[in-house]
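Dear colleague,

I am passing on the structure below, together with some notes on what was found in it. Please look through the sequence and the coordinates first, and then read on.

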Amino acid sequence: MSAEWLFFSSEILNLGSACWLGAFTRWYIINYRTSPTTPLLSTTSLLSVLTAGYITMLDTGAGFYLATSTFVLAALSRCRKYWDNRSHPPLPPGPSSLPIVGSIFSLDDPFRPWLSFNAWKSTYGNIIYTRLLNKPVVVINSEEVAKDLFDLRSSIYSDRLKSVVYEPFGADFGMPFLAYGDRWRVQRRIFHQAFRQAAIHSYHPALLRSAHKMLFSLLQDPTNYASHFQMFPSSFILSTVYDYEPKTKDDHLVHVMQRFLELLIAGLGIGGTMVMETFPFLLRLPTWFPGATFKRAAVECLQASHDVREIPFQDVKERMSTSRVGPCLVADHLNRMNGVEDDVSTTAVNEAACTAFGGASETTVSTLLVFLLAMVLHPEIQAKAQADIDRVVGKDRLPDFDDRVGLPYLDAILRETLRWHPVFPMGIPHSTTTSDIYNGYFIPEGVAVIANTWAMTHNEKKYPSPDEFMPERFIHEDGSLMSDTMPSAFGWGRRVCAGQHLADAALWIAITSFLATSSVHKALDEHGKEIPVIPKFSTGLTIHPEKFPCRIVPRFQHASAERLAQLTGLEQ
Ligand code: HEM
């Protein structure tokens, strides 16, 4: 090996050591957790270390001393920051972190972190600080802490995490992704006007029609129950937002809306998002580049995002110019502008309208699937609910919203469904706009703050035997409903679910109509024996039961499409 080559290799090693030293300093600071959201080795310090290494490589004489002093200066500056930061109170307790991966190996199941966060409660308590990969995270395990922070300090805890992926995928307009600022505020106001509790009764007819259409589909094709459940929110959202009634599953607007959601969910899965956030250049590659799958997915999703905003919105505007459009979010807001449409408000109405579809679809379907799973596993609960419906509603008509007060057990089933397997087990993470001090702990600015809904809905003190499905836990001895409406399933503070009242009404009418007209049982094998149902759940930000075998059979008298048409008043 030549002398030059030896020299070159040793200097590369020097540079490498300098970098490793830098990396070690980062790790050291992470573990002492002084200032977790600021870069752990500032750009200046990192540059100094790299320069030091580089100069060392060029000249082992004077350069060596220059390099050493630069490094010492960088180290001293870092130490000063470290001591400065000691003036902060400590971060909340949590498991130790490793460089790069954070506490990921402390999670029993990295795809279901809410379970480990809940288990960590006994060691670290109700507020935990951890790092998942390079993301600092504060986890809240109790309703009390969630109320203190999200409700009482909402001006600090109402932001969302920024991500480089939203814009390329055309998702940056959606309210759940928006930063806590004016764009979010305008959309939220539009949503509030349309879907506040007092406004929901005006959507009862649309919700009832959508639920009844679902009954027809279940009667005609019971095995495809998941697809009928999916059509239910598509139908009521298109009605309440665009006054548009999809006739079939192949309806072109349903297709446009669902396509965008599917592309978005496929593109922004947890794994993919992490890769794109770690290597953002992947989103800048040309689409023809070999392996540029993320970029191609983003381009396709961006086009779908354009369609989802343009097609249904232009459809309402055209109908408004030629005929009367019934009450719905878009027409009501455009009418309120009295023909003086400004771009900002019109865009906000358009974006809020699309957000409603996204917000309602996955959540409603998943909750209905959890309900169906609970019913197939608990025939006695199903029978009790049906007996109540038969007693209050009778057999000659179908339930409607006026029956709700007389059917507390149905409400208890709905609440227990939201509690047993909340579809957002960790809500949607909030973020802080400034740093804060809570109960003596330092909460950094810009940190992800996760409300661990799972821990709250599985709190044994409040809900004994939390893994059991027991609607009775929401009923007083005298049969009346308790005051706990399971609000934690809908999130917290200023970012609480903007469609929760609509969701509540929609889910109630869907499950009550289902139980009035149908029963679900375990499927039978070829020998007529029941096939056991073993619940399995998907993973991700939202979860739902994976498809399970079951038999849905009609239970109304003279069950037929004709009879259903008589009962619902709908044409077949
Ligand atoms: C079972 C039904 C539903 C559940 C369990 C649910 C749950 C949630 C949760 C947990 C959040 C996050 C709250 C937070 O950040 O603290 C959320 C946000 C949101 N939901 Fe829902 N949701 C449901 C249905 C709906 C429906 C029907 C709509 C629309 C009509 C909707 C629209 C939204 C919107 C727009 C946001 C974002 C709010 C914001 O960031 O300010 N949701 N939802």
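Two strands are said to pair if DSSP finds at least two bridges between them, where strands (E, at least two residues) and helices (H or I, at least four residues) are DSSP runs numbered from the N terminus. In that sense β1 and strand β2 (residues 135–140) pair in the antiparallel sense over 6 bridges, with Leu132 standing opposite Lys135 in β2. The hairpin of β1 and β2 has 2 residues between the strands, and Leu133 takes a positive phi near 50° there.

This is a predicted model, in which local features need pLDDT of at least 70 and side-chain atom pairs count only at pLDDT 80 or more, while totals for chains, interfaces and linings use all residues. Residues are numbered from 1 along each chain as its sequence is written.

A residue is called buried if 20 or more other C-beta atoms, placed from the backbone, lie within 10 Å of its own, exposed if 12 or fewer do, and partly exposed in between. Because 6 of the 6 residues of strand β1 (residues 127–132) are buried, this strand is largely enclosed by the rest of the structure. Ile127, Tyr129 and Arg131 point one way from β1, and Ile128, Thr130 and Leu132 the other way; in a regular strand the side chains alternate between the two faces of the sheet.

Helix α8 (residues 225–242) is also largely enclosed by the rest of the structure, because 16 of its 18 residues are buried. The helix is followed by Asp243, whose phi is positive, near 45°.

A nonpolar core here is a set of buried Ala, Val, Leu, Ile, Met, Phe, Trp, Tyr and Cys residues joined through C-beta atoms within 7 Å. Of the 105 residues in the largest such core, Val330, Ala353, Ala510 and Ile511 touch the most other members, and α13 gives the most to this core, with 18 residues. Apart from it lies another core, of 32 residues, among them Ile127, Tyr129, Val138 and Phe442.

Of the 28 residues around the ligand, Gly359, Ala360, Gly491, Cys497 and Gly499 come nearest. Helices α6 (182–195), α13 (343–377) and α17 (500–517) each supply at least two residues of this shell, and α13 gives the most, with 7 residues.

With best wishes

Notes:
A residue is near a molecule or strand if its C-beta atom, placed from the backbone, lies within 6 Å of it.
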